[in-house]
Amino acid sequence: MVFDVLIIGGGAAGMSCALVLGSAKDKTFAKNKNIAIITHQKTSHLQNALFNNVLGLTPGTLGADILNNGKQQLKDLYPHVNQIEKEKVTAVEKQLKGFTVTTNKNTYHSKIVVIAVGYTDMCTIKGIESYIEPHPRAAIEKKRIWLKNTNHLIEDNLYVAGTLAGWRSQFAMACGSGSHIATDILTLWNDGKHTKIHDKV
Ligand SMILES: Cc1cc2nc3c(=O)[nH]c(=O)nc-3n(C[C@H](O)[C@H](O)[C@H](O)COP(=O)(O)OP(=O)(O)OC[C@H]3O[C@@H](n4cnc5c(N)ncnc54)[C@H](O)[C@@H]3O)c2cc1C
(Lines give C-alpha, C1' and ligand atoms only; values in the text may rest on other atoms or scores of the structure.)
Protein backbone atom coordinates (compact mmCIF):
# COMPACT_ATOMS: atom_id res chain seq x y z
CA MET A 1 0.00 0.00 0.00
CA VAL A 2 1.17 3.53 -0.73
CA PHE A 3 0.30 6.07 1.96
CA ASP A 4 -0.77 9.57 1.00
CA VAL A 5 0.94 10.90 4.11
CA LEU A 6 3.31 9.18 6.52
CA ILE A 7 4.23 11.08 9.70
CA ILE A 8 7.44 10.02 11.42
CA GLY A 9 7.43 10.57 15.19
CA GLY A 10 4.62 10.45 17.76
CA GLY A 11 5.54 13.42 19.96
CA ALA A 12 3.89 16.85 20.19
CA ALA A 13 4.30 17.85 16.54
CA GLY A 14 3.69 14.45 14.91
CA MET A 15 0.56 13.62 16.91
CA SER A 16 -0.88 17.12 16.36
CA CYS A 17 -0.37 16.74 12.63
CA ALA A 18 -2.08 13.33 12.67
CA LEU A 19 -5.07 14.61 14.67
CA VAL A 20 -5.76 17.53 12.33
CA LEU A 21 -5.35 15.35 9.22
CA GLY A 22 -7.62 12.73 10.79
CA SER A 23 -10.25 15.34 11.62
CA ALA A 24 -10.71 16.10 7.91
CA LYS A 25 -12.30 12.70 7.37
CA ASP A 26 -15.67 14.09 6.24
CA LYS A 27 -14.24 16.48 3.65
CA THR A 28 -14.55 15.25 0.09
CA PHE A 29 -10.94 16.12 -0.73
CA ALA A 30 -9.69 13.99 2.19
CA LYS A 31 -11.88 10.96 1.53
CA ASN A 32 -9.97 7.75 0.84
CA LYS A 33 -6.62 9.27 1.80
CA ASN A 34 -4.31 6.78 3.49
CA ILE A 35 -2.74 8.48 6.46
CA ALA A 36 -0.25 6.87 8.84
CA ILE A 37 1.92 7.85 11.78
CA ILE A 38 4.89 5.99 13.18
CA THR A 39 4.13 6.47 16.87
CA HIS A 40 7.59 5.81 18.25
CA GLN A 41 7.62 7.69 21.57
CA LYS A 42 10.62 6.41 23.51
CA THR A 43 12.79 9.46 22.87
CA SER A 44 10.05 12.09 23.02
CA HIS A 45 10.86 15.11 25.14
CA LEU A 46 7.36 14.64 26.52
CA GLN A 47 8.54 11.58 28.48
CA ASN A 48 9.99 13.73 31.30
CA ALA A 49 8.05 16.95 30.85
CA LEU A 50 5.65 18.52 33.36
CA PHE A 51 3.28 21.21 32.11
CA ASN A 52 2.07 24.25 34.01
CA ASN A 53 2.29 26.91 31.31
CA VAL A 54 0.19 25.53 28.46
CA LEU A 55 -3.26 26.98 27.77
CA GLY A 56 -5.89 24.25 27.96
CA LEU A 57 -3.74 21.74 29.83
CA THR A 58 -4.52 21.29 33.54
CA PRO A 59 -1.46 22.51 35.48
CA GLY A 60 0.62 19.50 36.55
CA THR A 61 -0.16 17.51 33.40
CA LEU A 62 2.57 14.96 32.67
CA GLY A 63 4.03 14.68 29.21
CA ALA A 64 4.04 10.90 29.59
CA ASP A 65 0.25 11.00 29.99
CA ILE A 66 -0.11 13.20 26.89
CA LEU A 67 1.82 10.57 24.92
CA ASN A 68 -0.57 7.79 25.97
CA ASN A 69 -3.75 9.86 25.77
CA GLY A 70 -2.77 11.27 22.38
CA LYS A 71 -2.56 7.80 20.84
CA GLN A 72 -5.90 6.87 22.40
CA GLN A 73 -7.55 10.12 21.18
CA LEU A 74 -6.35 9.44 17.64
CA LYS A 75 -7.56 5.82 17.82
CA ASP A 76 -10.98 6.72 19.27
CA LEU A 77 -11.79 9.71 17.04
CA TYR A 78 -9.95 8.98 13.81
CA PRO A 79 -9.38 5.22 13.62
CA HIS A 80 -8.74 5.47 9.87
CA VAL A 81 -5.32 6.98 10.68
CA ASN A 82 -2.95 4.01 10.83
CA GLN A 83 -0.78 3.95 13.93
CA ILE A 84 2.44 2.06 13.39
CA GLU A 85 3.85 1.20 16.80
CA LYS A 86 7.23 0.13 18.10
CA GLU A 87 9.15 0.88 14.90
CA LYS A 88 12.06 3.26 14.54
CA VAL A 89 12.79 4.90 11.22
CA THR A 90 16.27 4.29 9.85
CA ALA A 91 16.02 5.84 6.36
CA VAL A 92 13.94 8.18 4.22
CA GLU A 93 14.72 7.93 0.52
CA LYS A 94 13.32 9.95 -2.34
CA GLN A 95 11.92 7.90 -5.23
CA LEU A 96 10.62 8.95 -8.64
CA LYS A 97 7.19 9.21 -7.06
CA GLY A 98 7.17 9.87 -3.32
CA PHE A 99 9.41 8.36 -0.68
CA THR A 100 10.48 5.05 0.78
CA VAL A 101 10.57 5.01 4.57
CA THR A 102 12.52 2.17 6.16
CA THR A 103 12.18 1.16 9.80
CA ASN A 104 13.92 -1.48 11.89
CA LYS A 105 11.03 -3.82 10.92
CA ASN A 106 9.40 -2.74 7.63
CA THR A 107 9.52 -0.61 4.51
CA TYR A 108 6.74 1.83 3.62
CA HIS A 109 5.96 4.00 0.62
CA SER A 110 4.34 7.41 0.88
CA LYS A 111 3.56 10.31 -1.43
CA ILE A 112 4.14 12.85 1.36
CA VAL A 113 6.40 12.46 4.41
CA VAL A 114 6.38 14.59 7.58
CA ILE A 115 9.48 14.25 9.77
CA ALA A 116 8.79 15.11 13.43
CA VAL A 117 11.53 13.34 15.37
CA GLY A 118 12.73 16.15 17.64
CA TYR A 119 15.84 18.30 17.54
CA THR A 120 18.55 16.22 19.23
CA ASP A 121 21.76 15.57 17.33
CA MET A 122 21.23 11.82 17.91
CA CYS A 123 19.17 11.70 14.70
CA THR A 124 20.61 8.88 12.57
CA ILE A 125 18.03 8.68 9.79
CA LYS A 126 19.75 8.03 6.47
CA GLY A 127 18.76 10.18 3.51
CA ILE A 128 18.23 13.44 5.42
CA GLU A 129 21.88 14.20 6.30
CA SER A 130 22.19 16.91 3.66
CA TYR A 131 19.42 18.97 5.31
CA ILE A 132 20.88 18.87 8.84
CA GLU A 133 22.28 22.14 10.20
CA PRO A 134 22.83 23.62 13.67
CA HIS A 135 19.50 24.72 15.17
CA PRO A 136 18.96 28.45 14.56
CA ARG A 137 17.07 29.11 17.81
CA ALA A 138 18.79 27.00 20.48
CA ALA A 139 21.89 27.44 22.68
CA ILE A 140 24.94 26.32 20.70
CA GLU A 141 26.35 24.19 23.55
CA LYS A 142 23.22 22.00 23.45
CA LYS A 143 24.12 20.90 19.90
CA ARG A 144 20.51 20.95 18.71
CA ILE A 145 19.81 20.50 14.99
CA TRP A 146 17.16 21.47 12.46
CA LEU A 147 16.40 20.34 8.95
CA LYS A 148 16.75 23.36 6.72
CA ASN A 149 13.30 24.29 5.47
CA THR A 150 11.08 27.09 4.25
CA ASN A 151 7.75 27.23 6.07
CA HIS A 152 8.23 23.56 7.09
CA LEU A 153 8.88 22.41 3.53
CA ILE A 154 12.28 20.77 2.95
CA GLU A 155 11.53 19.89 -0.64
CA ASP A 156 8.40 18.97 -2.59
CA ASN A 157 6.23 16.68 -0.44
CA LEU A 158 8.81 16.44 2.36
CA TYR A 159 7.96 18.39 5.51
CA VAL A 160 9.66 18.83 8.89
CA ALA A 161 7.65 19.61 12.04
CA GLY A 162 8.24 20.74 15.61
CA THR A 163 11.58 21.51 17.20
CA LEU A 164 13.39 19.87 14.27
CA ALA A 165 11.80 22.49 12.00
CA GLY A 166 13.69 25.21 13.86
CA TRP A 167 11.17 26.25 16.51
CA ARG A 168 12.19 26.76 20.13
CA SER A 169 11.17 23.94 22.43
CA GLN A 170 7.73 24.82 23.79
CA PHE A 171 4.88 22.34 23.67
CA ALA A 172 2.34 24.69 22.07
CA MET A 173 4.80 25.69 19.38
CA ALA A 174 5.55 22.07 18.45
CA CYS A 175 1.82 21.27 18.34
CA GLY A 176 1.19 24.38 16.25
CA SER A 177 3.90 23.40 13.81
CA GLY A 178 2.42 19.93 13.26
CA SER A 179 -1.09 21.38 12.90
CA HIS A 180 0.18 23.99 10.44
CA ILE A 181 1.63 21.30 8.20
CA ALA A 182 -1.62 19.34 8.37
CA THR A 183 -3.56 22.34 7.05
CA ASP A 184 -0.92 22.85 4.32
CA ILE A 185 -1.43 19.24 3.22
CA LEU A 186 -5.22 19.56 3.37
CA THR A 187 -4.97 22.74 1.30
CA LEU A 188 -2.87 20.83 -1.24
CA TRP A 189 -5.52 18.09 -1.43
CA ASN A 190 -8.15 20.83 -1.80
CA ASP A 191 -6.49 21.97 -5.05
CA GLY A 192 -4.75 24.88 -3.34
CA LYS A 193 -7.89 26.37 -1.85
CA HIS A 194 -7.10 27.29 1.77
CA THR A 195 -8.81 25.12 4.31
CA LYS A 196 -8.93 24.21 8.00
CA ILE A 197 -11.02 21.86 10.12
CA HIS A 198 -13.28 23.20 12.89
CA ASP A 199 -15.92 21.39 14.94
CA LYS A 200 -18.87 23.43 16.17
CA VAL A 201 -21.08 23.23 19.24
C1 LIG B 1 12.05 17.95 30.93
C2 LIG B 1 11.26 18.77 29.95
C3 LIG B 1 10.34 19.68 30.42
C4 LIG B 1 9.59 20.47 29.52
N5 LIG B 1 8.70 21.37 30.01
C6 LIG B 1 8.00 22.14 29.16
C7 LIG B 1 7.09 23.11 29.66
O8 LIG B 1 6.93 23.26 30.89
N9 LIG B 1 6.39 23.85 28.76
C10 LIG B 1 6.52 23.70 27.42
O11 LIG B 1 5.85 24.38 26.66
N12 LIG B 1 7.40 22.81 26.92
C13 LIG B 1 8.14 22.04 27.76
N14 LIG B 1 9.03 21.11 27.25
C15 LIG B 1 9.25 21.06 25.79
C16 LIG B 1 8.29 20.14 25.00
O17 LIG B 1 8.20 18.88 25.61
C18 LIG B 1 8.87 20.02 23.58
O19 LIG B 1 8.98 21.31 23.02
C20 LIG B 1 8.05 19.14 22.65
O21 LIG B 1 7.90 17.84 23.17
C22 LIG B 1 8.75 19.08 21.28
O23 LIG B 1 7.93 18.36 20.39
P24 LIG B 1 8.52 17.61 19.09
O25 LIG B 1 7.36 16.96 18.44
O26 LIG B 1 9.37 18.54 18.32
O27 LIG B 1 9.52 16.51 19.68
P28 LIG B 1 9.19 15.28 20.65
O29 LIG B 1 7.98 15.54 21.48
O30 LIG B 1 10.47 14.98 21.36
O31 LIG B 1 8.78 14.13 19.65
C32 LIG B 1 9.70 13.50 18.77
C33 LIG B 1 9.18 12.10 18.50
O34 LIG B 1 9.93 11.46 17.47
C35 LIG B 1 10.20 10.12 17.86
N36 LIG B 1 11.38 9.65 17.15
C37 LIG B 1 12.67 10.03 17.32
N38 LIG B 1 13.48 9.38 16.46
C39 LIG B 1 12.68 8.58 15.72
C40 LIG B 1 12.91 7.66 14.67
N41 LIG B 1 14.13 7.43 14.18
N42 LIG B 1 11.85 6.99 14.14
C43 LIG B 1 10.58 7.22 14.60
N44 LIG B 1 10.31 8.09 15.59
C45 LIG B 1 11.35 8.74 16.15
C46 LIG B 1 10.37 10.19 19.36
O47 LIG B 1 10.25 8.94 20.01
C48 LIG B 1 9.28 11.17 19.72
O49 LIG B 1 8.04 10.56 19.94
C50 LIG B 1 9.78 20.33 28.12
C51 LIG B 1 10.71 19.37 27.65
C52 LIG B 1 11.44 18.62 28.55
C53 LIG B 1 12.45 17.63 28.03
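Here is a quick look at the aromatic pairs and the pockets in this structure. Keep in mind that the model is predicted. It holds two aromatic pairs, and its largest pocket takes up about 820 Å³. The second largest pocket comes to about 240 Å³.

**Aromatic pairs**
- Phe 3 and Tyr 108 make a tilted pair, with 6.0 Å from centre to centre and 35 degrees between the planes.
- Phe 3 sits in strand β1 (residues 2-8) and Tyr 108 in strand β8 (residues 107-115), so this pair ties together parts 105 residues apart in sequence.
- Phe 3 is buried at 7% relative accessibility, and Tyr 108 is buried too, at 13%.
- Phe 51 and Phe 171 are also tilted, at 4.9 Å centre to centre and 50 degrees between the planes.
- With Phe 51 in strand β3 (residues 50-51) and Phe 171 in helix α3 (residues 171-189), the pair links parts 120 residues apart in sequence.
- Phe 51 counts as buried at 9% relative accessibility, as does Phe 171 at 15%.

**Largest pocket**
- Its lining runs to 39 residues, and Thr 43, Ser 44, His 45, Val 117 and Gly 118 are the closest to the centre.
- α1 (12-22), β3, β6 (89-94) and α3 each give two or more residues to this lining.
- By class, the lining splits into 19 nonpolar, 18 polar and two charged residues.

**Second largest pocket**
- Here 17 residues form the lining, and Phe 171 is one of those nearest the centre, along with Leu 19, Ile 66, Gly 70 and Gln 73.
- α1, α2 (63-77) and α3 each supply at least two lining residues, with the largest share, five residues, coming from α2.
- The lining has nine nonpolar, eight polar and no charged residues.

Conventions:
Residues are numbered from 1 along each chain as its sequence is written. This is a predicted model: local features need pLDDT of at least 70, side-chain atom pairs count only at pLDDT 80 or more; totals for chains, interfaces and linings use all residues. Side-chain values use heavy atoms; hydrogens and water are left out. Rings of Phe, Tyr and Trp (its six-membered ring) pair if their centres lie within 6.5 Å; planes under 30 degrees apart count as stacked, over 60 as edge-to-face and the rest as tilted. Helices (H or I, at least four residues) and strands (E, at least two) are DSSP runs, numbered from the N terminus. Buried means under 20% relative accessible area, exposed over 50%, partly exposed in between (1.4 Å probe, protein chains only). On a 1 Å grid over the protein atoms alone, a cavity is a set of points where a 1.4 Å probe fits but cannot get out, and a pocket is an open set with protein on both sides within 12 Å along at least five of seven lines; lining residues have an atom within 4 Å of a point. Grid points are joined across faces, edges and corners, and a volume is the space filled by probe spheres set on the points. Ala, Val, Leu, Ile, Met, Phe, Trp, Tyr, Cys and Pro count as nonpolar, Asp, Glu, Lys and Arg as charged, and the others, Gly among them, as polar.
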